[in-house]
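Hi everyone, thanks for making time this morning. I'd like to walk you through one model, so please have a look at it before I start talking.

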Amino acid sequence: MPDVGLLLKQWRGTRRLSQLALAAEAAVSIRHLSFVETGRANPSRAMVLKLAEVLDVPLRERNTLLLSAGFAPEYPESALDAPALAAVRDALETILAQQEPFPALVMDRGWDIRHTNSAARRFFAFLQDGRPAGPPGAANVLRRMFHPDGVRPHVTNWPEVAEALVRRARREAIGGVLDERAQRILGEVLDYPDVPAHLRVLDATSPVLPIVPIRYERGGRRFDYFSTVTTLGTPQDVTLQELRIECFFPMNDETREHARELAGPPGG
């Protein structure tokens, strides 16, 4: 495992902070911070947590920092179906249900789909009807969008959406750092057939539109959506911090009508 000083230095570089700025924010001496980063001094548990807080290090990586410094992890990582998270599951179900008849889903840090509402299941089943079951592996947003057996054939503005997703995967990762699992998924989907080579070298720091429309078409029906992503506020559990809720919103009356048609009559 890398030395804690090296990891802290890497995070400071990621956050583009000087030693002076970090020392001032964390109320530690710049000399001591320098000694920690070079391995000449061992930080206390409290100091590791304080520096991680100032650097806005994700909870999973804060545990790694603590382990590297010789301390036990601070933050639990619960299974989403654990009894302790029952209230969170209820909240997620409420959010997903509220989005009906439009799609909504919950994904984790690696873009794996953990939960969906009924509208999402209906919509993606409609797109896949008569075609293979879908991309190999776990249900994953990136796989679904990039694999030829996913929804890609029905996305009429796929080049625009694909570029936006790659930028988002590189910029929106928890803590601003793309972890190994997300990196593997991104590398996998960029190797799928007919994915443009330029997507591998996109500049993730360039400005992007806050909303990118996703336009689907199948069987003469068009669905024009944009999506928003929500995270849980101030979580103290690794699993909860890494969850994201994506809700799709219709951009026109045609999409609203088609979504209601897929839902069927009320109570039906």
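This is a predicted model: local features need pLDDT of at least 70, side-chain atom pairs count only at pLDDT 80 or more; totals for chains, interfaces and linings use all residues.

I'll go from the overall layout to a few strands, then to a cavity, and finish with some backbone details.

The protein has 268 residues, and 44% of them are buried. Its secondary structure comes to 12 helices and 5 strands. If you draw a box around the C-alpha atoms along the principal axes, you get roughly 65 × 45 × 30 Å. And if you take the contacts with a separation of 6 or more, 62% of them are between residues 24 or more positions apart.

Let's begin with the strands, and with β1 in particular. Strand β1 covers residues 104–107, and it runs antiparallel to β2, residues 113–116, with 3 bridges joining the two. On its way through that pairing, Val106 stands opposite His115, while Leu105 has Thr116 as its bridge partner in β2. Strand β1 is also joined to β5 by 4 bridges, and that pair is antiparallel too. Here Val106 turns up again, with Ile245 as its bridge partner in β5. So where do the side chains of β1 go?

In a regular strand, side chains alternate between the two faces of the sheet. In β1, Ala104 and Val106 point one way, and Leu105 and Met107 point the other way. Are these four buried or exposed? They are all buried.

Glu246 sits in β5, which spans residues 244–250. Glu246 has a relative accessible area of 4%, and since the cut-off for buried is under 20%, it counts as buried. Which side chain does the side chain of Glu246 make a polar contact with? That partner is Arg168, at 3.2 Å. Leaving out residues up to four places away in sequence, Glu246 also touches Pro103, Ala104, Leu105 and Met107, along with Ser227, Thr228 and Val229.

Next, the inside of the protein. Rolling a probe the size of a water molecule over the atoms shows where empty space is left. How many cavities of 30 Å³ or more does the count give? The count is 1. The largest cavity has a volume of about 40 Å³.

Who lines it? The lining is made up of Pro101, Pro103, Ala119, Arg122, Phe123, Phe223, Tyr225, Ala259 and Leu262. By type, 8 of these are nonpolar, none is polar and 1 is charged. Three elements each supply at least two lining residues: α7 (118–128), β4 (221–231) and α12 (253–263). The largest share, 3 residues, comes from α7.

Phe123 lies in helix α7, and it is buried, at 3% relative accessibility. Beyond its neighbours within four places in sequence, Phe123 is in contact with Pro103, Tyr216, Phe223, Tyr225 and Leu262. Take Phe223 from that list: it is 100 residues from Phe123 along the chain, and the two C-alpha atoms are separated by 9.8 Å.

Phe223 has another contact to mention, this time with His258. His258 is found in helix α12 and is buried, with a relative accessible area of 11%. Not counting residues up to four places away in sequence, His258 touches Arg221 and Arg222 as well as Phe223.

Last topic: the backbone. Pro101 is in the loop between α6 (86–98) and β1.

There are also two residues to check for positive phi. Asp56 has a phi of about 55° although it is not a glycine, and its place is in the loop between α4 (45–54) and α5 (59–68). The other is Trp111, in the hairpin of β1 and β2, which has 5 residues between the strands. Trp111 takes a positive phi of about 70°, and it is not a glycine either. Is Trp111 buried or exposed? It is buried, with a relative accessible area of 3%.

That's my tour; I'm happy to go back to any part of it.

Definitions and conventions: Residues are numbered from 1 along each chain as its sequence is written. Side-chain values use heavy atoms; hydrogens and water are left out. On a 1 Å grid over the protein atoms alone, a cavity is a set of points where a 1.4 Å probe fits but cannot get out, and a pocket is an open set with protein on both sides within 12 Å along at least five of seven lines; lining residues have an atom within 4 Å of a point. Grid points are joined across faces, edges and corners, and a volume is the space filled by probe spheres set on the points. Ala, Val, Leu, Ile, Met, Phe, Trp, Tyr, Cys and Pro count as nonpolar, Asp, Glu, Lys and Arg as charged, and the others, Gly among them, as polar. Buried means under 20% relative accessible area, exposed over 50%, partly exposed in between (1.4 Å probe, protein chains only). A polar contact is a pair of N or O atoms within 3.5 Å; within protein, one must be able to donate a hydrogen and the other to accept it, and residues adjacent in sequence count only if both atoms are side-chain atoms. Contact means heavy atoms within 4.5 Å. Two strands pair if DSSP finds at least two bridges between them.
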